[in-house]
Amino acid sequence: MLKFFSIVMRNKKATAGMLIVLAYIALALAAPLITSHDPAKRVARPHQAPSVEHVMGSTRMGRDVYTQFVWGTRTSLMVGFSAGLIVTVIGTLIGVTAGYFGGVIDESLNFITNIALVIPQLPLLLVLAAFIGKSDPFMIALIIGLTSWAWGARVTRAQTLTLRRREFVEASEQIGEPSWRIICIELMPNLLSIIGFNFIGSVVYTIITQATLEFLGLGDPLAVSWGNMLYNAQTSSAITVGAWWEMFAPCFAIVTIGIGLSLLNFGVDEISNPRLRTLGAINKAVKAQKKFDRSYKSAKGAAS
Amino acid sequence: MSFIIRRIMFYLVAFLVAATINFLLPRLMPGNPIDIMFANAGNSLPPEAKKALAETFGFVERPLIEEYFIYLKSVFSWDFGVSIKKYPLTVMDVLMQALPWTLFLAGTSVILAFCIGSLLGIYAAWKRGGSFDSVISPSALAVQSVPALVIGITTLYIFGLVLEVLPTSYAYDPSIDPGFTWEYLSSVFYHALMPIGTLAFVSIGGYLITMRNNMIGQLGEEHVVMGHAKGLSDKRVRYNYAARNALLPSMTAFALSLGSVMGGSLIIEIVFNYPGLGNILFQGIIARDYPLIQGQLIIMTLAMLTANLLIDFIYIFLDPRLRKA
């Protein structure tokens, strides 16, 4: 774990992302300590602008926006991480199995993956959520997890296919290692960065999609979450009556957690794939080279 | 040619899967789904609508497999049942009124975003490490993770309500009669400006990054080095040597992103009160209009599959290897 942090700290993007994500996790864990109201109770007059007493104002229903924002963080993170876990487990299982065993297994799994990719996600989720009825956050996590694994499976399969032809895998096969050992010991460590990328990407996707489903009125209206905040703001036409703060808090939350997780993701991707690095790293290399040349020249000058 | 036939067969299966989900879901619900739909509708529906609805969805006392074929038959004859919310109208009628607006929004913005994003990506990769690249690439990453919903609400607030320069709802000024007149078309354009702009803005970042990364990979290849060595102009090497090859993986990303663009379009329509599928759907969800919600899955899947087929044709144009097969 410590090693992971020290790797992350090497990249500016990853560090920034890491800090944002950690801040939200801290917010979610400390929710009962830093809020004094009940997120679902009427504690103020309707549509009060932000003030000292209600830092982010109040909603049409007289609820404290700040309290809802903090408790909503809990819901969003839990839904995001649990759906991300489901997506990653299914995606990795299908991807590795298809890529490693090949043949008919690969063809059929790949066929299923492609079909799952081509059916539009949001309409499918709408149908599922509508039939399930008032879906609580965990039901939403479950249906997002079960319908969004295809992209991860595809990427994992592609990577497994290229790894499969490497010498070290072929060598392990020749000495008669069982498949489970090749998959777990030889392939998995090399797939870790793709699996991690898939996981973080799925968390972002889930947080946004959950908010979208709830915004559309498909969630459980009693749950406290960013999506329900948006739904209530939309149905009470908060924007049109000028109560921008009711919309602002959940929007801000979704955007910052999304940016934080994406920065972390792309930062980690850059660490593992140096070709993607931008200006900073290249400039650093150029400077280092120049410094080396100068000291080399001066060393030569001193010698002659 | 066999490539296209294989793809069409594949799309047919995908379509069947979507239809099967629609068939199975109401049957997994406890109780009789038609009764539940009717209980939700209150007493706005006459009894004959109930019978028609039951027949469309194959709810007749037969073995499951026969019910399935009855349902498939109604899907393939474009009969998705009657809408509960807008009763005398069928689901097909309701959706068909809204679909052109959604296709207009999603289509225009996705093409716009893909062209702008890819061109910027090509340029950013060509001048990798330059000032343009180091500003645009990180900002593209940041924009990419902002959902359409948030950008939509923000633009609506700024341009529609604070500055009051752009209309906040409808597809055209309701006082103008629809027709092929300059006044009508300019009103449509004016009303579409904000939704299309928002949708395009959301997806530009993704295309930019994909193109930039593919392009950087291509620039290291030998054929690009050879292009330079032959003394070709930078422009020719950039577009005909590197970008043309980098475009292939980009097209795959483009095809995969269509679904999320359609999803984004649904959201944007609700935010901007635009009369497309999203808006119809929002009303349908509030009224628990199950046939309507199911109908949109079929329609959206069809739109998605058609777009994918078009992309397959573009593939054949871009990748000569596929033409031989």
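Visitor: How many residue pairs are in polar contact between chain B and chain A?

Guide: This is a predicted model, and the count takes pairs with both residues at pLDDT 80 or more. Salt bridges between chain B and chain A number 0. For residue pairs in polar contact between the two chains, the count is 2.

Visitor: Which elements of chain B give two or more residues to the side that touches chain A?

Guide: On chain B, 53 residues are in contact with 45 residues of chain A. The elements of chain B that supply two or more residues to this side are α1 (2–28), α6 (131–144), α7 (148–162), α8 (182–219), α10 (234–271), α11 (277–286) and α12 (290–318).

Visitor: How do the residues on the side of chain B that touches chain A divide by class?

Guide: Of the area buried between chain B and chain A, about 4500 Å², carbon and sulfur atoms give 81%. B:Phe10, B:Ser145 and B:Arg288 supply 12% of the area that chain B buries against chain A, more than any other three residues. By class, the side of chain B that touches chain A has 35 nonpolar, 14 polar and 4 charged residues.

Visitor: How many helices and how many strands are there in chain B?

Guide: The C-alpha trace of chain B spans about 80 × 55 × 40 Å along its principal axes. From the N terminus on, its elements run α-α-α-α-α-α-α-α-α-α-α-α-α. The totals for chain B are 13 helices and 0 strands.

Visitor: Why is α10(B) described as roughly perpendicular to α11(B)?

Guide: The axes of α10(B) and α11(B) lie 7 Å apart. Angles of 65 to 115 degrees count as roughly perpendicular. The description therefore follows from the packing angle of α10(B) and α11(B), which is about 75 degrees.

Visitor: Which residues make the contact between α10(B) and α11(B)?

Guide: By class, this contact has 5 nonpolar, 2 polar and 1 charged residues. From α10(B) come B:Leu266, B:Glu269 and B:Ile270. From α11(B) come B:Leu277, B:Gly278, B:Asn279, B:Leu281 and B:Phe282.

Note on methods: Residues numbered from 1 in each chain as written. Chains lettered and ligands numbered in written order. Predicted model: local features only at pLDDT ≥ 70, side-chain atom pairs only at ≥ 80, totals over all residues. Heavy atoms only, no water. Contact = heavy atoms within 4.5 Å. Buried area = accessible area lost by both parts, 1.4 Å probe. Salt bridge = Lys/Arg side-chain N within 4 Å of Asp/Glu carboxyl O. Polar contact = N/O pair within 3.5 Å; in protein donor to acceptor, adjacent residues only side chain to side chain. Helix = DSSP H or I, 4+ residues; strand = E, 2+ residues; numbered from the N terminus. Nonpolar A, V, L, I, M, F, W, Y, C, P; charged D, E, K, R; others polar. Axes fitted to C-alpha atoms, helices over the stretch in contact; angles between N-to-C directions. Parallel < 35°, antiparallel > 145°, perpendicular 65-115°, else oblique.
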